[in-house]
Amino acid sequence: MDIYANIPLFVSVVELGSFSEAARRLGINKSAVSKRISALEQALGVKLIQRTTRRLHLTDAGRQYYEYVHQAAALMLQAQDALASRGQFRAA
């Protein structure tokens, strides 16, 4: 499993606060979101999100992971902006 492919999904779930809303926004079904988050947790060896029927909560590990991946995403955008300002980057 490619961990990196599931990071944007994890970020969406955290920022939207819902598996259902993340699924709707990403155009996939809720069970696919759940399976991919579970696969990410299994690959990392930690529980990231505590799920209940009504809400989800980040675990301590999930909160820490979110902080790191959020910072990494911001750095990637800065790198793209830096290259774009030099005329050296074209988004695919």
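In which loop is Lys-47 found? Lys-47 lies in the loop between helix 3 and strand 1 (49-51), where helices (H or I, at least four residues) and strands (E, at least two) are DSSP runs numbered from the N terminus. The structure is a predicted model, in which local features need pLDDT of at least 70, side-chain atom pairs count only at pLDDT 80 or more, and totals for chains, interfaces and linings use all residues. Residues are numbered from 1 along each chain as its sequence is written, and side-chain values use heavy atoms, with hydrogens and water left out.

Lys-47 is partly exposed, with a relative accessible area of 43%; buried means under 20%, exposed over 50% and partly exposed in between (1.4 Å probe, protein chains only). Not counting residues up to four places away in sequence, Lys-47 touches Glu-41, Thr-59, Ala-61 and Gly-62, contact being defined as heavy atoms within 4.5 Å. Lys-47 and Leu-75 are separated by 28 residues in sequence and by 25 Å in space, C-alpha to C-alpha.

Leaving aside neighbours within four places in sequence, the contacts of Ile-49 include Phe-10, Val-13, Phe-19 and Ile-37.
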